[in-house]
Amino acid sequence: MSVLTSRLRLALPPNTSGQDIALAASSQDVPSVAGRLLRKGWFLEDICGLDMAEGLALLYHFARWDRPTRVVLRVLLPHGGPECPTIEHIYPGASWLERETSDFFGIAFTGASNTTPLLLAEKLDPPPLSRKPGHRMSTHRLWPLAQWVGGANGNPLAEDLVGDPGVEAPAPKDRP
Amino acid sequence: MNFIPAANPCSGLEGDFYAQRFALEAHEDSLILNMGPQHPSTHGVLRVILEMDGEYILRCEPVLGYIHRMHEAMGQNRAYVQYFANMGRVDYLHALAWNWAWAGAVERLAGIEVPARAQFIRVICTELNRINSHLLWWGAYLLDLGAVTPIMYAFEDRERIMDILQEPTGSRLTYSSFRFGGVVADISSDFVRRARALIARMPERLAMYHELVTGNAILRGRLEDVGVVDQAMARRYGATGPVLRGSGVAYDVRRAEPYGVYDQFDFAIPVQDAGDSMARYQVRMDEIETSLAIIGQALDGLPEGHFMNPDAPRGKWTPPVGESYFAVEGARGKIGIYLASDGSDTPYRVKLRSPSLSNLSLFPELAKGTLLSDAVAILGSLDLVIPEIDR
């Protein structure tokens, strides 16, 4: 099992979610997971911010051309100074999605080449889609199902995701 | 709420904040040019800043947000059913696809059944709307390229389709006629008769369109080998719809992730391998025929029954706690809606995946090194709807 796989938490969302598997990762693992998904033929559908009681969540939705399936990569960032490494060097299409998420939730994407607001004219404080502390939902309510760490646990899709990782993508700072 | 002005490291340079920032990386003796937001080929409100070396583009950067209306914030402060009105305005050209995405996301979350007749009505209306979208694209694209007449023909057909769609939807452009569990109105025998007349009429019209335009040497000279998108590029940018199918990938959400009753119809997915602007043109023209075939089959198989689930929720209502993602095939590509519910009568979060945004995001890479006039041909071939990008 690769080092990255041993750090991933997996969960199976309910059928009604339209998501087949959820991967939970720490923010510094996002570029590595994205690189692995690109090599395995996944494309990035969108990046969705979500203001939860435990922190600011980032949901990266990935899909495939060859079969009907969807993976969601969940990252939880602290409310104070939320930061996440960019994946624009892996999926260049992520650049605008990250800038939009930055506009709406105030999340900083470190290493990004362009951090100007995309849809808003200026940065707003508080960010327009953030919620007041008393109005945030708990992640335990939205994602109540059990997670497991590391291996595929017999799930074929998870097997595909965690197996044969190949060369892990370099972190942004390693790029020339 | 406090407004914090964006940092300005470019004081002393000409232009607004975006132009100044763009100019920081400019080469000596190059020209910075603004294309849009008031430019006919940017269809209203897209602005592209270009760095030019003579007639050639060295680099460019689209500037978005001129028609941003914060649809996602509006999703968090109104009842579920009220949000249909927004869906008619995200993409005004294929409003019913967005209607379906919203209805689908909520129906999937709450487990609401949709009667078979309602499913068929949805298919017929959405495909009519798709044809209308492609017709407008066809006319407007050729207008971008300097041909003034075709849009007149396109609008003659569009008017007929809008007349047909007006009956079940109550509108002519910004449709918001889907509801959770069905649609707002049934279709009549007169609707069926007029839709069949359209199916009988369109092959002759499409043949005329092709004779008038598609084989034209000037058009082919302007589109062939211009703006070639390869499959790796499409994957990295998340391109979908005709842009992706013009690069040889037969990916269509109606087939790849069937929703509604699309799995009951026999239809081809038009694909072209060249990846250039002409390929995207050809894919859309072929898709009009595909939509006509689907509508014909749906009219033939239209079942009796309810156009609305009698038990479906109406007015203010609370779905269960949870999340759902629902994708549909819009005229421009994959539309996706992520919905999170906290069990209250307003959504906790609505995220709209706009196909035009991903399709446009590859433009800076595509336009690099091309002639400015080719950039117009490339932009038009992406079939952008700016309100869908800005949301």
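Predicted model: local features only at pLDDT ≥ 70, side-chain atom pairs only at ≥ 80, totals over all residues.
View 1. Residues are numbered from 1 along each chain as its sequence is written, with chains lettered from A and ligands numbered from 1 in the order in which they are written. Six strands of chain A form an open sheet with mixed pairing, in the order S3-S4-S5-S2-S1-S9. Strands (E, at least two residues) and helices (H or I, at least four) are DSSP runs numbered from the N terminus; two strands pair if DSSP finds at least two bridges between them. S3 (42–52) and S9 (148–149) of chain A are the edge strands, each with a single partner, so one side of each has no neighbour in the sheet.

**View 2. The S1–S9 pairing in chain A.** S1(A) (residues 9–11) and S9(A) run antiparallel and are joined by 2 bridges. A:Arg9 lies opposite A:Val149 of S9(A).

**View 3. The side of chain B that touches chain A.** Here 42 residues of chain B are in contact with 34 residues of chain A, contact meaning C-beta atoms, placed from the backbone, within 7 Å. S7(B) contributes the most to this side of chain B, with 5 residues.

**View 4. Surroundings of B:Ala101.** Apart from neighbours within four places in sequence, B:Ala101 is in contact with B:Phe326, B:Val328, B:Ile335 and B:Ile337.

Notes: Contact = placed C-beta atoms within 7 Å.
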